[in-house]
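Q: I would like to go through this structure with you, one region at a time. Could you take my questions as they come?

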Amino acid sequence: MNARHQLVCAAVDAIHAELNAVSDWMYRNPEVGFAEVGAAEHLTAFLRREGFAVDCGVGGMPTAFIGTHCGSSAGPTIGVFAEYDALPDIGHACGHNIIGACAVGAAAAVKRAWPDLPGKIQLFGSPAEEGGGGKVIMVEQGLVQSLDAAMMLHASVADRTMTNNLSVQRMDLTFHGRTAQPAGSAHEGVSAFEAAILTWTNINAIRQYLEPDFYVHGIMKEGGFAANVIPDRASLVMYARAPRGKDLDYLIDRVTNCAKAAALTTGATMTITEVGKRFLRVVNNPTLSGLLAANYARVGRPAGPPTPRPRASTDMGNVSQVVPSIHGYIRIGDAAKIGNTHSPEFAPHTVTDEAHKAIADAAKAMAMTCVDLFEQPALLDQARREFAGLMSAERA
C-alpha cells in the first residue's frame with residue numbers, strides 16, 4: 001500500500017459513519033426505479049458537502065445525476081457508478097443501498113486525498129437498474145463515452161472482481177380472443193387464456209434444445225376475470241436471457257415463434273412488445289480487475305473467481321461495452337445465513353455491522369483502484385488495448 005493508498009483509506013474512515021447513515025436511510029425508505037427521489041437527494045447532498053459539482057436530472061431522468069471533481073491538470077476521467085433503486089415489495093433485497101453508499105464514498109475519498117489529481121473523478125448516479133436501465137439511457141445519451149474507465153461494486157455473498165452474467169430483454173406477450181359461455185357455447189369463443197398457456201407449453205418444449213446458458217422465464221399477468229367466461233384477453237411477461245446480443249436475438253425469435261404457433265392453433269391474435277432497455281452482458285477488463293483484486297487484498301479480502309455459470313444481468317454491461325469497466329462484488333455475509341439477492345431474507349443484512357464494514361472496504365478498494373489509474377497512465381493504455389480486443393471478439 002503506497003502513500004496515496006493510505007490517504008484514501010484514511011479518508012474513507014473519516015466519512016464511514018456518514019456512508020453507513022446514507023445506506024441505512026435508503027434501507028428504511030426503499031424507492032423503486034425512477035422514483036428514487038429521497039435516495040438521490042441524500043447522495044447528491046453528500047457529494048455537494050464534499051465539494052463536487054453536481055448535475056441533476058441528466059439524460060432526461062429526474063433521479064439521475066453526475067457529480068464531478070476536476071483536478072488541477074488534464075488527465076484521464078474515471079467514473080464510479082452508484083445504484084440506489086429498490087425492488088418492489090421486498091425493498092433493498094439486492095443491496096443497492098450499499099452500492100450507492102460505497103460509490104459516493106470512493107469518489108469522495110479520492111477527492112479528499114488528492115484534490116489536485118491529474119484528471120477528473122466522476123460519480124454517476126444511475127437509477128432503475130432493476131429493469132429500467134438508467135445506465136443504458138446514459139450510454140444512449142452519450143454521457144459515459146468520455147470516460148477512460150468505469151467501475152462499481154455490488155453487495156453479494158462473495159468477494160469477486162469480475163462478473164459472469166447475461167444479456168436480457170423483457171418481452172410482454174398479449175393475446176386477444178372472443179368471450180363466450182364455456183358451457184354450451186364455447187365453440188363461439190376464442191380463449192386468449194389457452195393461447196397464453198400453449199405459448200408457455202411451447203417454450204417448455206424447446207428448453208431441452210436451447211444452449212445451456214439460454215433462459216426464458218416469466219409470469220402470467222392476465223388470464224381472465226371469471227371462470228364461467230372464456231377470456232378474451234391474456235398476457236405474459238417474459239424475460240429472455242442469453243450471453244451475447246446476437247444470442248439474445250435468436251432466443252427472442254424462438255419465443256416469438258412459440259407465441260405465433262399458439263395463436264394460430266387457438267385462433268387468437270397476438271402482439272409482442274419488447275419493454276424497457278436491453279441489458280448487455282458485462283465485458284470484464286482484465287487489467288482493471290487485476291488492480292481491484294490487489295486492492296481487495298490490501299483491505300483483507302482475497303477475491304474469488306467469477307461464478308462458473310452466468311447469473312443474472314445488469315445495465316452496467318452496456319457501460320462495459322463502450323468503456324473499459326469493472327463490475328465486482330463485495331461480501332456482506334454467507335449465503336446460508338442471508339440467502340441470495342432478490343430474496344426477502346437478504347435485505348435486512350444490508351444494514352448489519354458486516355455490511356457496514358463492506359461499505360468501507362468497497363469504497364477503499366475502488367478509491368485505491370482510481371489512484372492506481374491516475375498514478376500510472378500506462379495501465380489505462382493497457383486496459384484500452386484489452387477493451388478493443390475484447391469488443392472485437394464480442395461482436396464477432
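Q: To begin, how many residues of strand β4 are buried?
A: Six of the eight residues of β4 (residues 118-125) are buried, and the strand is mostly covered. Please keep in mind throughout that this is a predicted model.

Q: In which sense does β2 pair with β4?
A: β2 (residues 65-70) pairs with β4 in the antiparallel sense, over six bridges. Within β4, glutamine 122 stands opposite threonine 68.

Q: And β3 with β4, parallel or antiparallel?
A: The pairing of β3 (residues 73-82) with β4 is parallel and has seven bridges. Here phenylalanine 81 stands opposite phenylalanine 124 of β4.

Q: What holds paired strands together in general?
A: Strands of a sheet pair through backbone hydrogen bonds, in either the parallel or the antiparallel sense.

Q: Moving on to the open sheet of four strands: what is its order?
A: The order is β7-β8-β6-β9, and the pairing is antiparallel. β7 (215-222) and β9 (269-279) are the edge strands; each has a single partner strand, so one side of each lacks a neighbour in the sheet. On average, neighbouring strands of this sheet are turned by 20 degrees against each other, direction ignored.

Q: How many bridges join β6 to β8?
A: There are 10 bridges between β6 (residues 167-176) and β8 (residues 233-242), and the two strands run antiparallel. As one example, aspartate 172 has valine 237 of β8 as its bridge partner.

Q: Which strands does helix α5 lie across?
A: Helix α5 (residues 192-206) lies across β6, β7 and β8, and it runs at about 20 degrees to β8. Helix α6 (residues 245-266) also packs on the sheet, where it touches β6, β7, β8 and β9. The direction of α6 makes about 160 degrees with that of β9.

Q: How far apart are the axes of α7 and α11?
A: The axes of α7 and helix α11 (residues 377-395) are 7 Å apart, and the helices pack at an angle of about 130 degrees. α7 and α11 are therefore oblique to each other. Pro286, Thr287, Leu288 and Leu291 of α7 make this contact with Leu379, Gln382, Ala383, Glu386 and Leu390 of α11. The classes in the contact of α7 with α11 are six nonpolar, two polar and one charged.

Q: Staying with α11, is leucine 380 buried or exposed?
A: Leucine 380, which is in α11, has a relative accessible area of 2%; that is under 20%, so leucine 380 is buried.

Q: What is leucine 380 in contact with?
A: Leaving aside neighbours within four places in sequence, leucine 380 is in contact with Pro76, Ile78, Asp148, Ala149 and Leu373. Threonine 350 is 30 residues from leucine 380 in sequence, and their C-alpha atoms are 33 Å apart in space.

Q: Where is asparagine 20, and what does it touch?
A: Asparagine 20 is in helix α1 (residues 3-28). Its contacts are His356 and Ile359, not counting residues up to four places away in sequence. Asparagine 20 is buried, with a relative accessible area of 11%.

Q: One last topic: what is phi of phenylalanine 34?
A: Phi of phenylalanine 34 is near 70 degrees, a positive value in a residue other than glycine. Most residues other than glycine have a negative phi. Phenylalanine 34 is in the loop between α1 and α2 (37-49) and is partly exposed, with a relative accessible area of 36%.

Q: And what is phi of aspartate 89?
A: Aspartate 89 also has a positive phi, near 75 degrees. This residue is in the loop between β3 and α3 (96-113), and aspartate 89 is exposed, with a relative accessible area of 85%.

Conventions. Residues are numbered from 1 along each chain as its sequence is written. This is a predicted model: local features need pLDDT of at least 70, side-chain atom pairs count only at pLDDT 80 or more; totals for chains, interfaces and linings use all residues. Side-chain values use heavy atoms; hydrogens and water are left out. Two strands pair if DSSP finds at least two bridges between them. Axes are lines fitted to C-alpha atoms, for helices over the stretch in contact, and angles run from 0 to 180 degrees between N-to-C directions. Contact means heavy atoms within 4.5 Å. Angles under 35 degrees count as roughly parallel, over 145 as roughly antiparallel, 65 to 115 as roughly perpendicular and the rest as oblique. Ala, Val, Leu, Ile, Met, Phe, Trp, Tyr, Cys and Pro count as nonpolar, Asp, Glu, Lys and Arg as charged, and the others, Gly among them, as polar. Buried means under 20% relative accessible area, exposed over 50%, partly exposed in between (1.4 Å probe, protein chains only).
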